[in-house]
Amino acid sequence: MHFEGKGRLGMYLISAIQLHLHLSLPTYALSLTIFPLLSRSGVMERLIAEASEEGEEKCSICLPDIPGGAKTFELVAKFCYGVKLELTASNVVYLRCAAELLEMTEEYGEGNLITQTETFLNQVVLRNWKDSLRALQTCDDIISYADELNITKRCIESLAMKVSTDPNLFGWPIMEHGGPMQSPGGSVLWNGISTGARPRNSSSDWWYEDASTLSLPLYKGLIAVMESRGIRQEIIAGSLTFYAKKYLPGLNRHQGASDSNSNARPTPVTLGAPPSEEDQKLLLEEIDRLLPIQKGLVPTKFLFGLLRTAMILRASPSCISNFEKRIGMQLDQATLEDLLMPNFSYSMETLYNVDCVQRILEHFLTMDQITGGASPCSVDDGQIIGSPSLTPFTMVAKLIDGYLAEVAPDVNLKLPKFQALAASVPDYARPLDDGLYRAIDIYLKSHPWLSESDREQLCRLMDCQKLSLEACTHAAQNERLPLRIVVQVLFFEQLQLRTSIAGCFLVSDNLDGSRQLRSGFAGSAEGGWVSAVRENQVLKVGMDNMRMRVSELEKECSNMRQEIEMLGRVKGSSTWGNVSKKFGFKLKSQMCSAQEGSVRNQNNGSGKIEKVKDRQGKHKKNTSPDG
C-alpha cells in the first residue's frame, strides 16, 4: 500500500493488505487499504462499492469536506486501523462530527467512533469548565455540523450551569486574578500538593476573561442561555463590559484615573491586530442588543465610552439612541468630563455635541415622569432645596450649568441652542441660579455682537431672586448685562439684605430671652453665657454693617428714582409706575424712601450706581434726538 503523507501512520500501513484505495480530500491525497475503512464506516462502504464496480484493483473515490480537514481524517483512519486515539477537548468535536458524517455507528462495529466520542464528551468534557470552553471554541470552525449534533448547545449549557453554581463544587482548579491554584477540594496547591489552606472565595466575575475568548456568535449564545437560567443582570452586564473593553480599543482611551482602584479588575488587553472598524461596529450594535436597558447596571463613564465609539463608527441611529437613553436614566451619576463629547458630525457646527446632551437631558426628565418622580408643585421653597427626592435634579442642574459654562466660549454655538439647553432644566432643580448666571456671562463675553434684545432674552433665563449676594454684587457691576437686569439685581439685592437683617434681629431677640433663663444657673453655666454674649456682639456688628449697606442701597434707589423720572419726562412719561412696568417688576415708593431722610445729606454714592448712571446717560443721549 502507498500513503502520500507524513507521519507514523504511513509506516504502520506499509505491511497492510494490498487492496488499495485512493482518497482525494480538498488539500490532501492518500492511498489506503479498503477493508479496515469499509468495516467501520457506512459512507465508505457505499462509496467503495460504487467505485469497485469498475473492476479495477485500485479504485479512487472523492470524499466530501471532512470536519477538521485532513488532520481529522488521519485520526479517523488511525482509529479504523486499530491505533489507539488520544481524545482531547481540542479534537473530540472534530472527530464526533466526522464520525457522524462517515456513519461510524455501532452497526459497523462495537465501540465505534461515534460511541467513543459521545461518551468522552458527556463524561469528561462537559463536566469540566476548561474542557467545555475549549470544545466550544472548536465548534466555531464547524459550526453547522456542531449545531446539527447539538454539541454547541450542550457546551453552552454546561458553561452557563457552572456560572450559576459555586465553582468550588466543579472539581477543577481556578486561577483567581493571579492567585494560588486550587485543588478540587478547594484547598491551595503547592507544587501539586494540597496544603489544606482554604483560599478566599472566588468572586462572581471569575468567568469573564474565559468567556471573552469566544467569538461573538458563540458569546451571544452563552449570554442568551445565562439570561434564561436567571443569572443576575448585573453579572451579565459585567461580562458584556469586559467583552466590549477587550475588542473595542476606543473604550480604553477614555478610562479615567478614577476608575482604577485596588479591587478593580485589570483592563483586558487584546493581543494581535485589533478588529476592523466594521467588526467593531457589528460588536457595538450587538452589545446594545444584549445590554439590558436598566439603571445602574454598568458605570456611566462606560456608557459614555460606548456612545462616543458608536458616533465615531457611524453605528445605527437606534444604537446611538439606546445608549443615550441608558445614560439619561443615570445622568445624575455623570461628570462634566463625560458630557464634553466632541462633535463628530461632518458639518462641525459646534466644537461639542450639544444636541446629544440635550437629548440625554430630555431622556432623564422623561424617565422621572414615567417613574412618578416627586412633584415640587405642592412643596415649599425651603423644602424643595433639602428634599432627598430632588437631589438627582439638583445634581443634574449643576452638571448642565457647568456644561453650559464650558461650551459658552464656542463662537459657533447659536443663541437658540444655548437657550434651549438652559431652559430644559426645571426651575425647581436650581436652588440658586449662580451657575446659570456664570454661563450666561461667559456667553455674553464670547458673543459681543448680540443685540440688546437678544441679551435681554438670554438673561430672562435666570431668576434674579435666586442669585446669591456674591452673584448680585458681581451682576450689579457687570457692564455686559442689560440695564433692566442690573436694576432688577439691585432691587432683589436690597430685599435680600433686608431679609438678612430681619433674621439677625430675630436671633438677637432669642439670645436676649435666653439670657434671662441662663441667669439662674450657677458657676458651671457661666462659660456658656459668656460665649452667647460674644455671639450676640458679633451679630450686632454684622447688623450694623448690613444697616450701612441698606442705607447705601436706599440712597442709590432714591437717586435712580430721580434719574428715571427725569428720563421719563424726556420720553413724555409722567409716572414712575410706567417706568417700573418697563423694567419688569413693581417697586413700592416707600421702599426707596423709608430712610431717605437719613441719607439725604450724604454726597458720595456707590460705585455701582455711578456705572448705572453712566449707562443711563448714554442711553439718554442716544434717545434724545427721537424726543
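1. Helix α9 (residues 151-163) has 13 residues, which at 1.5 Å a residue should span 18 Å; its end C-alpha atoms lie 19 Å apart, which agrees. The expected span is 1.5 Å times one less than the number of residues. Helices (H or I, at least four residues) and strands (E, at least two) are DSSP runs numbered from the N terminus.

2. This is a predicted model, in which local features need pLDDT of at least 70 and side-chain atom pairs count only at pLDDT 80 or more, while totals for chains, interfaces and linings use all residues. Residues are numbered from 1 along each chain as its sequence is written, and side-chain values use heavy atoms, without hydrogens and water.

3. Among the buried residues of α9 are Ile 151, Cys 155, Leu 159 and Val 163. Buried means under 20% relative accessible area (1.4 Å probe, protein chains only). The buried residues of α9 pack against α5, α6, α7, α8 and α11, a contact being heavy atoms within 4.5 Å.

4. The axes of α21 (residues 415-424) and α23 (residues 452-459) come within 10 Å and cross at roughly 15 degrees. That makes α21 roughly parallel to α23, a term for angles under 35 degrees. Axes are lines fitted to C-alpha atoms over the stretch in contact, with angles from 0 to 180 degrees between N-to-C directions.

5. In this pair, Leu 415, Phe 418 and Gln 419 of α21 meet Asp 454, Gln 457 and Leu 458 of α23.

6. The protein chain has 30 helices and 5 strands. Of its 627 residues, 46% count as buried.

Definitions and conventions. Buried < 20%, exposed > 50% of the residue type's maximum accessible area, 1.4 Å probe, protein only. Parallel < 35°, antiparallel > 145°, perpendicular 65-115°, else oblique.
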